[in-house]
Protein chains: 2
Amino acid sequence: MAKKGNIIVGQSGGPTSVINSSLAGVYKTAKERGFHKVYGMLHGIQGFLDEQYVDLSTQIHSDMDIELLKRTPSAFLGSCRYKLPDIHENPEIYEKIFSILDKLNIEVFIYIGGNDSMDTIKKLSDYAIVKGHRQKFLGVPKTIDNDLALTDHTPGFGSAAKYIGASTKEIIRDAQGLTYDKAMVTVIEVMGRNAGWLTGATALAKTEECEGPDLIYLPEVAFDIEKFLKKVSDLLKKKVSVVVAVSEGIKLDDGRYVCELSGGANYVDAFGHKQLQGTASYLAGFLKHELGCKTRSVEFSTLQRSASHMASRVDINEAFMVGGAAVKAADEGDTGKMVVIDRVSDDPYMSAAGIYDVHKIANNEKTVPRNWLNKEGNFVTDDFINYIEPLIQGDYQPFMVNGLPQHLVLKK
Amino acid sequence: MAKKGNIIVGQSGGPTSVINSSLAGVYKTAKERGFHKVYGMLHGIQGFLDEQYVDLSTQIHSDMDIELLKRTPSAFLGSCRYKLPDIHENPEIYEKIFSILDKLNIEVFIYIGGNDSMDTIKKLSDYAIVKGHRQKFLGVPKTIDNDLALTDHTPGFGSAAKYIGASTKEIIRDAQGLTYDKAMVTVIEVMGRNAGWLTGATALAKTEECEGPDLIYLPEVAFDIEKFLKKVSDLLKKKVSVVVAVSEGIKLDDGRYVCELSGGANYVDAFGHKQLQGTASYLAGFLKHELGCKTRSVEFSTLQRSASHMASRVDINEAFMVGGAAVKAADEGDTGKMVVIDRVSDDPYMSAAGIYDVHKIANNEKTVPRNWLNKEGNFVTDDFINYIEPLIQGDYQPFMVNGLPQHLVLKK
């Protein structure tokens with residue numbers, strides 16, 4: 001067998017708790033399959049275009065480092081939000097990318113990211129095929145939002161869901177401890193522009209010893225603020241602590257985001273997504289004004305996507321698995337594909353890596369099915385819970401140094 | 001020896017991760033010392049006045065339950081923010097309290113709380129002495145704010161500091177992963193009206209593999225917004241990700257809270273404290289406007305005080321110890337006292353329970369010494385770190401059920 005060349009891996013898009021577990025899976029499998037060098041591009045394709053990359057053997061020195069990497073949140077290599085132009089718009093960029101790949105003797109290019117990153121894999125693999133380049137391009141899914149099509153779920157989702165479930169339980173305890181004769185409504189805001197997967201995860205807090213949130217509103221269903229007010233008002237007749245979870249992306253029937261009602265600033269990223277904030281804060285103020293009760297809002301914000309100290313073992317292991325599966329697939333000749341997670345069995349839960357054509361995947365957003373919400377659209381069903389529960393199981397104990405979780409950090 | 005009567009314990013003020021560990025310490029020690037029944041007042045003295053209490057033997061059935069209680073955040077018995085009137089203002093309330101105590105054959109009354117709760121202990125023990133009642137009144141300290149005088153530190157502080165340190169590390173990783181060519185400033189808001197202990201805890205994130213926050217502003221030093229702007233602007237010339245931690249209570253030289261600059265709503269509780277919010281959000285908007293860089297704000301909010309999944313072992317153990325020590329002190333004849341934590345040794349860290357007169361304690365707020373901040377007032381010193389570091393050591397593994405931490409919850 002001919003001696004193998006090199007492999008390069010990059011990370012893109014928003015951070016997750018387990019995106020580095022996929023990186024660890026790529027590295028370990030690449031080494032085991034005999035690739036010569038494993039390069040990491042710094043800050044994804046954007047840094048790569050500036051020839052910013054690192055030989056990962058200068059960073060990972062032991063199995064202990066691999067374990068540490070699996071417990072490190074956010075992109076170890078740095079991320080980017082850089083959208084490649086269409087090939088005909090800017091062929092020079094493609095020529096530059098392939099000249100660097102050739103210079104580094106790269107045979108396999110692996111990109112760990114979300115919907116937008118799979119677009120990069122699609123374009124690069126198309127270009128390689130058209131131009132006769134030898135490199136293989138594989139995508140590894142990653143997003144806390146769980147909005148990628150064709151994969152049962154995405155790495156990163158389970159850990160975010162676990163953190164959200166645990167924190168929601170703690171917030172409910174906090175609220176119940178505080179409320180006696182004066183009612184309080186807590187509004188929790190969870191990430192998710194168009195898909196309510198993470199907001200639905202607050203329902204995990206409903207356990208034998210916790211009643212869970214009272215109401216859950218996802219962006220999949222138009223938000224009726226008058227019905228919401230009525231519902232909260234009715235609940236306050238029965239209990240002193242009401243907890244509501246809302247997605248940052250909930251919208252009114254007329255298409256306006258609820259957070260827009262607050263007159264808050266809007267910010268648009270390179271992909272044209274609105275950056276939302278202030279939905280819970282607006283609704284808390286609204287309820288206080290209308291009902292005269294005490295209210296508070298809690299935003300999980302950045303914490304929900306980078307809380308690796310509360311990562312799910314299933315999630316970390318699956319992230320590692322899909323990283324390795326991408327190397328295997330490329331090594332066996334695949335290109336223009338994304339690795340996906342197939343659910344093999346529900347009980348006991350089992351999953352396996354599968355492979356799909358990125359042309360079928362890119363930019364299709366997977367939302368929560370309407371029948372996984374109740375009729376009123378204010379809570380998730382048992383089907384939703386049965387889907388999500390296996391994904392938050394088990395832990396990876398953080399490596400605690402001096403009382404805090406230790407991370408593996410890029411040495412420059 | 002005469003057969004012992006009963007004991008009652010209550011919880012008051014804001015929640016912490018370990019206030020229930022003190023409750024567990026009270027319960028276990030009371031049982032071991034032969035008290036007949038251990039009652040818990042529901043929602044502190046306020047619920048007690050409504051004759052809301054529970055026999056704890058109906059709630060705690062095993063050593064396993066005690067361990068679960070130690071891992072349960074917020075007040076298991078429910079809390080209150082109820083300030084007893086002065087004795088001469090409303091003697092009827094005192095008569096009512098003592099008639100219930102007599103009815104229940106209570107010999108010892110233990111109250112777990114902060115500054116305001118020690119005021120309750122002081123008044124009740126004064127009243128008992130003056131009126132010749134036999135009950136003993138003991139206070140057990142509790143507050144994440146660490147602002148109680150005479151005790152080296154307060155139970156609840158170490159766990160909040162640990163959560164803040166761990167989450168700050170994760171936020172710094174998140175920010176560094178995201179920033180490449182476009183600068184971003186992250187402003188973290190931490191609880192603390194007048195004392196900056198918790199905000200200073202963000203400095204724990206400065207470890208061998210993490211540079212920690214760049215700037216830390218405590219309420220102990222007047223906040224100069226122009227100097228702050230200059231400082232951030234200078235930092236942005238050297239690095240793309242700047243992380244700033246601010247206390248919710250930072251004030252300008254003229255005494256106005258920074259959050260007041262935002263025109264945000266103010267809320268005053270029963271003790272006359274302002275409820276603040278929006279400091280980080282205001283400063284993030286300010287920096288964006290002045291410097292044109294991307295900014296974001298993160299509020300740890302409720303999560304920092306109830307994240308028992310990240311509690312410190314030292315803190316849980318000390319909370320348990322002071323609960324038990326209160327029972328012991330009362331059993332040996334003390335009244336009108338608060339248990340405190342004395343630091344016996346720094347290295348190795350050792351602590352022991354001590355006893356102080358509540359008349360010396362109540363309503364004196366302990367702030368961070370000026371010489372534990374640097375000259376510019378924008379970071380804490382090594383003395384601060386040496387003080388806080390022992391308090392965040394060690395973990396209590398949560399009891400995980402179905403992927404989430406289990407809690408002990410009151411059965412009514």
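Predicted model: local features only at pLDDT ≥ 70, side-chain atom pairs only at ≥ 80, totals over all residues.
Student: What makes chain A as compact as a globular protein of its length?

Tutor: The globule rule gives 22 Å for 412 residues, and the radius of gyration of chain A is 22 Å, close to that value, so chain A is as compact as a globular protein of that length. Its secondary structure comes to 12 helices and 15 strands.

Student: What does it take for a residue of chain A to be called buried, and what percentage count as such?

Tutor: A residue is buried if 20 or more other C-beta atoms lie within 10 Å of its own. Of the 412 residues of chain A, 58% count as buried.

Student: How do you know that domain 1 and domain 2 of chain A are in contact?

Tutor: Two residues are in contact if their C-beta atoms lie within 7 Å. In chain A, 22 residues of domain 1 are in contact with 17 residues of domain 2. On the domain 1 side, these divide into 8 nonpolar, 8 polar and 6 charged residues. The centres of the two domains are separated by 32 Å, taken over C-alpha atoms.

Student: Which element gives the most to the side of chain A that touches chain B?

Tutor: The contact takes 50 residues from chain A and 50 residues from chain B. Elements giving two or more residues to the chain A side include α2 (44–49), α6 (157–178) and β11 (294–299). With 11 residues, α6(A) gives the most. By class, the chain A side has 19 nonpolar, 22 polar and 9 charged residues.

Definitions and conventions. Residues numbered from 1 in each chain as written. Chains lettered and ligands numbered in written order. Domains from an automatic or database assignment. Nonpolar A, V, L, I, M, F, W, Y, C, P; charged D, E, K, R; others polar. Helix = DSSP H or I, 4+ residues; strand = E, 2+ residues; numbered from the N terminus. Rg over C-alpha atoms; globule rule 2.2 N^0.38 Å. Buried ≥ 20, exposed ≤ 12 C-beta atoms within 10 Å, placed from the backbone.
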